[in-house]
Amino acid sequence: MQIQIFLLLPMAFLLPSGTWAGEIIGGWEAKPHSRRYMAYLEIQDGQVKKKCGGFLVKTNFVLTAAHCQGDKITVKLGAHNISEQEWSQQNIPVHHQIPHQQYDKKTLNNDIMLLQLSYNAKLNNWVRLIPLPNAKSRVRPGSMCRVAGWGWTGRNSRTDTLHEVGLEVMTDNMCQWNHRYNPSAMLCVGKPGLGKLPYRGDSGGPLVCEGEAQGIASYVDKHLCEPSAFTRLSTFIPWIQNILQKQH
């Protein structure tokens, strides 16, 4: 079993197969600023620059994946084309990275992190919050959801504009290809054989179902033929609420 994380390094195509991953394959360019909760993360990790996705859940907090940690992170909000200095963009440094205390980088269990921003984002026509689910809610298999991101649209294709794709939530047994899959903390997403999935660059982006963020992009099958795993957000609502109440 080999998995690929949705993180993108600039030289990811030179890394050994199965090391990193994450973007939108089989999707389309999103309507500009239609996903106003989306955050683009520029990460400096030692000498390496990386990028991830995330989403705004409070004016001074962004949710993302724990494997998107780095020495320094800057959040870009209100973006559509990340290669341009769009007047709608807000660039805010991260003040504090708060990964889940039980995050396991080997199994990617508890792959969730809150980023406290250095100052509040300005909510407007281009920047908005996204609702989180109830702690007791469960996304039913067969539900159609969407995930968005800025990374690669194929093994050798990149994009600077936000892309999105529709994905179906699967039953947990469809992710049995990965013995590390934990149904209590993960969602199995993406019907096999359709060629639709996240790929390089989408780590930390939200799985949005009926207007709520229900998952966080975590990892894909190395061969891109099995369902992907997303962090199950409802499981972590008490953890999220506890931090949001303590940090201001």
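Is K50 buried or exposed? I looked up K50 and found it buried, because its relative accessibility is 9%. I use buried for under 20% relative accessible area, exposed for over 50% and partly exposed for what lies in between, with a 1.4 Å probe and protein chains only.

**Ground rules.** I am working on a predicted model, where local features need pLDDT of at least 70 and side-chain atom pairs count only at pLDDT 80 or more, while totals for chains, interfaces and linings use all residues. I number residues from 1 along each chain as its sequence is written, and I take side-chain values from heavy atoms, with hydrogens and water left out.

**Salt bridges.** I searched the whole structure and found 4 salt bridges. I count one where a side-chain nitrogen of Lys or Arg lies within 4 Å of a carboxyl oxygen of Asp or Glu. K50 forms one with D45, at 2.8 Å from N to O. D45 counts as partly exposed because its relative accessibility is 30%.

I then turned to E164. Its salt bridge with R35 has the closest N and O atoms 2.7 Å apart. This pair links distant parts of the chain, with E164 in strand β12 and R35 in the loop between β2 (28-29) and β3, 129 residues apart. I take strands (E, at least two residues) and helices (H or I, at least four) as DSSP runs numbered from the N terminus. Both E164 and R35 are buried.

E164 also meets R146 in a salt bridge, at 3.3 Å from N to O. R146 sits in strand β9 and E164 in strand β12, so this pair ties together parts 18 residues apart in sequence. R146 counts as partly exposed because its relative accessibility is 37%, and E164 counts as buried because its value is 5%. Through shared partners, salt bridges join R35, R146 and E164 into one network.

**Strand β12.** I checked the cover of β12 (residues 163-168) and found 5 of its 6 residues buried. β12 pairs with β9 in the antiparallel sense over 6 bridges; I call two strands paired if DSSP finds at least two bridges between them. L167 in β12 is the bridge partner of C145.

**Aromatic pairs.** I found 2 aromatic pairs in the structure. I require ring centres of Phe, Tyr or Trp (its six-membered ring) within 6.5 Å, and call planes under 30 degrees apart stacked, over 60 edge-to-face and the rest tilted. Y40 and W150 are edge-to-face, 5.6 Å centre to centre with 75° between the planes. Y40 is in strand β3 (residues 38-45) and W150 in the loop between β9 (144-149) and β10 (152-154), 110 residues apart. Both Y40 and W150 are buried.

The rings of W87 and W126 have centres 4.7 Å apart and planes at 75°, so I log this pair as edge-to-face. W87 is in the loop between β6 (72-77) and β7 (90-99) and W126 in the loop between β8 (113-117) and β9, so the pair ties together parts 39 residues apart in sequence. W87 is exposed, at 69% relative accessible area, and W126 is partly exposed, at 25%.

**H100.** I located H100 in the loop between β7 and β8. H100 counts as buried because its relative accessibility is 8%. With contact meaning heavy atoms within 4.5 Å, H100 touches N110, I112, F236 and W239, not counting residues up to four places away in sequence.
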